[in-house]
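I opened this notebook page to record what I looked up in one structure.

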Amino acid sequence: MSENTQSPRKPRVAVVFGGRSSEHAISVVTAGAVLKAIDRTKYDVLPIGITREGRWALTADAPERMAIAERTLPDVDRLAESATGGVVLPVDPADREVVLHEPGSLPRALGQVDVVFPMLHGPYGEDGTLQGLLELSGIPYVGAGVLASAVGQDKEYMKRVFVSYGLPVGPYEVIRPREWDRNPAEARKKIVEFAADHGWPLFVKPARGGSSVGITKVDDLSGLDEAVEEARRYDPKIIVEALVRGREIECGVLEFEDGPRASVPAEIPPVTDHDFYDFEAKYIDSASGLVPAPIGDEATAEVQRLAVAAYEAVSCEGLVRADFFLTEDGDFVINEINTMPGFTPISMYPRMWQESGVSYPELVDRLIQAALTRSTGLR
Ligand SMILES: Nc1ncnc2c1ncn2[C@@H]1O[C@H](COP(=O)(O)OP(=O)(O)O)[C@@H](O)[C@H]1O
Ligand SMILES: [Mg+2]
């Protein structure tokens, strides 16, 4: 307290994590690493966990309880300071005072927040919804704005934007919710015809998912219905893609003072004991990517160019991880972007920046600084 009266107040960073998406646990792990890395001499921190049900809970500033322990994933409910009550951000842009409401108690002021680090993946976090709330609040935040977040979360619109900016995408077909509702047989036929044109296997995905949740690689017609049902558990809109044969190459983009720059790329080696780069392979076994990707200077320069082009096409801010396939012919096909990529110190995005000369704490600091110097609203 006394220290605050003598020196200017440090910017207060609300790290928001967890959330209602299937990527809840990963988000907690990531937030733990960010909390650990934030320079406490420079910033104050307010950890806010969103439970799987969507309650904003004040949580302990306890990074050590937010890691994967013994193959067990952490959870906001276990970190919350109380089982009820919620943290509320003011929607009045003139007011940055965050308040904790608990049943039976007077509202408790938690102080001002200067910037939000939305460490959330997937729906209700990385998809523009949270960003919309923060725009209303007038509180600056790390990462992509409303539109870029929404586009980056929707595998259909993301591809449409890429195509319109000349970025190479693989063959795909979208089945919208109403198509199933009106005529499931017709919708299924659309997929079967797509398979006839492009061949099996197909990837059946929730259009707005992440962390490979709900995705199935379908080898033939016999697995189709089950795969569609699985994808639709997560999203009524599904996307079907032809298999792109190629090496998986990722590239990070980070905003510097003079604009976005690409990191050295990484290669995700083909998985052996998993069907594809699925949830388990990604997080539990920490599938280790190769950084830098051994693809030569020319391909490296090309993927870096494409990554920045993808960042610009979608109007990203702060950061993005762009994921590609490198085909046998030496061509890149863009698979997707992640506006809030996996961000633990062993995740690909920080590792690629580490290899490019930007350490994890510096990365966190850069993102917070970029957000602090940016206003909300149209830009
Ligand atoms: N069209 C495809 N061709 C080949 N592999 C694919 C294709 N789509 C997805 N995959 C594999 O599945 C993984 C997850 O798919 P992705 O679309 O990246 O979903 P998520 O958004 O959940 O990360 C990819 O990293 C890749 O290994
Ligand atoms: Mg992916």
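The entries below concern a predicted model.

**Entry 1, ligand site.** I began with ligand 1 and listed its surroundings. I found 18 residues around ligand 1, the closest being K155, K205, S212, V244 and E248. Sorted by class, this shell holds eight nonpolar, four polar and six charged residues. I then asked which strands contribute: strand 9 (202–206), strand 11 (238–242) and strand 16 (332–338) each provide at least two shell residues.

I looked up side-chain atoms facing the oxygen atoms of ligand 1. For K205, an N or O atom of the side chain is 2.6 Å from a ligand oxygen. For E336, a polar side-chain atom lies 2.8 Å from an oxygen of ligand 1, and for N335 the corresponding distance is 3.0 Å. I noted next that ligand 1 on its own has 540 Å² of accessible area, of which the protein covers 95%.

I searched the whole structure for disulfides and found zero. The sulfur of C251 has its closest cysteine sulfur in C316, at 13 Å, so the two are too far apart for a bond. I also checked burial: C251 is buried at 0% relative accessible area, and C316 is buried at 7%.

I located L133 in helix 4 (residues 129–137). L133 counts as partly exposed, with 27% relative accessibility. Leaving out residues up to four places away in sequence, I recorded contacts of L133 with W56, L89 and V91. I also noted that L133 and V88 are 45 residues apart in sequence, with their C-alpha atoms 11 Å apart.

Terms used
Residues are numbered from 1 along each chain as its sequence is written. Chains are lettered from A and ligands numbered from 1 in the order in which they are written. This is a predicted model: local features need pLDDT of at least 70, side-chain atom pairs count only at pLDDT 80 or more; totals for chains, interfaces and linings use all residues. Side-chain values use heavy atoms; hydrogens and water are left out. A disulfide is a pair of cysteine sulfur atoms within 2.5 Å. Buried means under 20% relative accessible area, exposed over 50%, partly exposed in between (1.4 Å probe, protein chains only). Helices (H or I, at least four residues) and strands (E, at least two) are DSSP runs, numbered from the N terminus. Contact means heavy atoms within 4.5 Å. A residue is near a molecule or strand if one of its heavy atoms lies within 4 Å of it. A polar contact is a pair of N or O atoms within 3.5 Å; within protein, one must be able to donate a hydrogen and the other to accept it, and residues adjacent in sequence count only if both atoms are side-chain atoms. Accessible areas come from the Shrake-Rupley method with a 1.4 Å probe; for residues, only the protein chains shown count as cover. Ala, Val, Leu, Ile, Met, Phe, Trp, Tyr, Cys and Pro count as nonpolar, Asp, Glu, Lys and Arg as charged, and the others, Gly among them, as polar.
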